[in-house]
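Visitor: I have a chain to look through today and would like a guided tour. Could you show it to me before we start?

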Amino acid sequence: MIGSSAQEPSPPSPNEPDRADLPVVPSALGRRVLLYEFVVLAEYWLAPTLLGVTNYAGIWSDVGVLLFVLFVGSLAWFVLRPLRPHLKRALRSRESRLAFHGVWAAALAAALFVTNVFQISRPSAIGSSVQLGDTTVYSPFGAWPSLTVYLPRIGLFGTFDVEVLTVLGLISVLGSAALRLAIDRRSTTCPAVPTRPWTTRVATVAVWSPLGLITGCTACAPAYLAILGLVAPAASTGLASVPLVPWIGLAGLLYLGSFGLAIHLIRRATGPAPESVGNPEP
């Protein structure tokens, strides 16, 4: 169009499948498997409080590692794998690709700071070289060995472990995919029924909101408790005084809340469009 600078999305390829031919994500089998794993994980995180377990090391940590591998594998097989053709169709234009990758990358970067994986302190001129070390991080999936990195010149301290990085990365990617697929669907389908676009955006933001209630520090104490003043002693003596149980289980349940909401939004965005009732075809 003359005088228009907006880039139109590239037309679908002749060999590209129609939206109606793409599978719903996750499939019926995938939903049953993931629901079963959600129940198992909820029991795993609630049981310590009921059984009086006071730490997540030993056999409890071994069980957590196994559950982590099974859960991530199920998400990769039943959600990420069938999601690829949907994203390929939705990311035809350069703007859509930049938006998708920008959202999940920004969400991941923010989550690394919110969960204390990255921590900022006062820069120091003493020991200007990068300092490496190791520590043990107690997470909802048990105890994990972690690499610590300290950059004195900029005062940046990071604690990296497989569990936290994987969980934050998956939540960020799934949340960004849910938002992008919902936007693409509204822009390319006939509005057969009245829609409220803001509800999807609010729900997508809610995917990331529980991350603000989870901490990746070695004490595994939710910082929001001290902020809200619910544990006054912890606010005065430090977060390390907050007991590991049951708050680490609460962090795990927040994980499930984020994943569950993201999967629900993806299923709604990849499912069949609602049929129009009394409306003419567009």
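The conversation below goes through this predicted model, from its overall layout to some individual residues.

Visitor: How many helices and strands are there in the protein chain?

Guide: The protein chain has eight helices and four strands, and from the N terminus on these elements run α-α-α-β-β-β-β-α-α-α-α-α. Keep in mind that we are looking at a predicted model.

Visitor: And what share of the residues is buried?

Guide: Of the 282 residues in the protein chain, 41% are buried.

Visitor: On to helix 1 itself. At what angle does it pack with helix 2?

Guide: Helix 1 and helix 2, the latter covering residues 59–90, pack at an angle of about 160°, and their axes are 10 Å apart.

Visitor: Changing topic to the surface, which residues form the nonpolar patch?

Guide: The nonpolar patch on the surface is formed by Leu 46, Leu 50, Leu 51 and Leu 253, which together have about 420 Å² of accessible area.

Visitor: Which helix gives the most to it?

Guide: Helix 1, which spans residues 28–51, gives the most to the nonpolar patch, with three residues. Leu 46, one of the patch residues, lies in helix 1.

Visitor: How is Leu 46 classed, by its relative accessible area?

Guide: Leu 46 has a relative accessible area of 44% and is therefore partly exposed, since that class lies between the 20% limit for buried and the 50% limit for exposed.

Visitor: Now some pairs that are separated in sequence. How far is Ser 172 from Trp 104, C-alpha to C-alpha?

Guide: Ser 172 and Trp 104 are 4.8 Å apart in space, C-alpha to C-alpha, although 68 residues apart in sequence. Ser 172 is in helix 4, residues 162–188, and it counts as buried because its relative accessibility is 0%.

Visitor: Where is Glu 163, and is it buried or exposed?

Guide: Glu 163 is also placed in helix 4, and at 0% relative accessibility Glu 163 counts as buried.

Visitor: One last residue. Which helix holds Phe 113?

Guide: Phe 113 is found in helix 3, residues 94–114. At 41% relative accessibility, Phe 113 counts as partly exposed. Between the C-alpha atoms of Phe 113 and Gly 158 the separation is 9.3 Å, and these residues are 45 residues apart along the chain.

Note on methods: Residues numbered from 1 in each chain as written. Predicted model: local features only at pLDDT ≥ 70, side-chain atom pairs only at ≥ 80, totals over all residues. Heavy atoms only, no water. Patch = residues over 30% accessible without salt bridge, like charges linked within 9 Å, V, L, I, M, F, W, Y side chains within 5 Å. Areas by Shrake-Rupley, 256 points an atom, 1.4 Å probe, with all protein chains shown as cover. Salt bridge = Lys/Arg side-chain N within 4 Å of Asp/Glu carboxyl O. Helix = DSSP H or I, 4+ residues; strand = E, 2+ residues; numbered from the N terminus. Buried < 20%, exposed > 50% of the residue type's maximum accessible area, 1.4 Å probe, protein only. Axes fitted to C-alpha atoms, helices over the stretch in contact; angles between N-to-C directions.
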